Amino acid sequence: RQFSHNELRRKFRTAEVAAVNQCSGNRRGLFSPHIPGVQWGYGAMGNAVWSGVRLKDVLEDAGLAAGALEVVADGADAPTLTGPDFVKSLPMWKALDPDTLIAFEMNGEPLPTWNGAPARIVAPGWTATYWVKAVTELTVSDKPFDGFWMKTAYRVPKGLFGASGFESQDTEQNSPLTAIKVNSLIVSPASGTTLPLGRRAEVMGIAWDGGSGIRKVEVSLDGGANWRAARFGRDLGRYAWRHWHFDFKPKAAGSQPIMVRAVARDGSTQAEQLIHNPAGYHHNVVQRAEYHVA
């Protein structure tokens, strides 16, 4: 079955979702010992309102056989020189989730080229490797897709981060990366900033997870001995990041450490110690920033 861009937009009802799009290797550059690969810091991610049509509606209109196991997505991009074509699959339950989209717009505007124009897969709660850009072809398969970017890349030792939720791609040794892990980030002020002694200071940041939503964010001013609740900003939905704010008055001159941790509604918490894995994925250790009070 073939649909033009305009036919998709006319035939199917519009849907939208606010969601974090995060690289699987976010913070890889912070791993110690060093992990090869793109040395991402904290910024390999973004949050937007994605608008398009439900992948579920398109698949069901085309017709699904009883044995459908995975949906394979291919895009118009190609390797710069050599290498395997970037093709990914989704388990049927994720493909049929009403929040999984073929998106045409980002924050109310047509998708920019760098963000996957004219249409891309949006798989909320899962890492960006599944968000295939410039999608041109969908194939429903009754067996696990064995392309390089599924069979070889974007995998972790089995059970290291719990169940993958993608059983058809699990092996005895490893599993595919899937859901984003609960995380938080201090955005402002930057670590190293001088804070005024005895005057109100405000620390701001974001927290997010793989789709259960953020239950609470806590801040510690004493190296983790005691924790106090931050206040939330607007709730954009369970897949979106959540802004948080924390006010305090520094009472002593000198060094002031600040730590932040998030707890998701499903009870998951950030890691206290780095969970090492060969490709440097899922870095969600509690962040610590250092300030100077004067």
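Predicted model: local features only at pLDDT ≥ 70, side-chain atom pairs only at ≥ 80, totals over all residues.
Colleague: How many bridges join β16 to β17?

Modeller: 2 bridges, with the strands running antiparallel. β17 covers residues 242–248. Look for Phe 232, which stands opposite Trp 244 in β17.

Colleague: Now the backbone angles. Which peptide bonds are cis?

Modeller: Most residues other than glycine have a negative phi, and most peptide bonds are trans. In this model, a cis bond joins Ser 32 and Pro 33, with omega about 5 degrees. Pro 33 sits in the loop between β1 (14–22) and β2 (45–54). Another cis bond joins Ser 188 and Pro 189, with omega about -5 degrees. Pro 189 is in the loop between β11 and β12 (194–195).

Colleague: And phi? Where is Arg 27, and is this residue buried or exposed?

Modeller: Arg 27 is not a glycine, yet its phi is positive, about 75 degrees. Arg 27 lies in the loop between β1 and β2. Its relative accessible area is 1%, so Arg 27 is buried.

Colleague: What is the phi of Ala 134?

Modeller: About 45 degrees, positive although Ala 134 is not a glycine. Find Ala 134 in the loop between β7 (120–122) and β8 (135–141). With a relative accessible area of 15%, Ala 134 is buried, because the cut-off is under 20%.

How values were computed: Residues numbered from 1 in each chain as written. Heavy atoms only, no water. Pairing = 2+ DSSP bridges. Helix = DSSP H or I, 4+ residues; strand = E, 2+ residues; numbered from the N terminus. Buried < 20%, exposed > 50% of the residue type's maximum accessible area, 1.4 Å probe, protein only.
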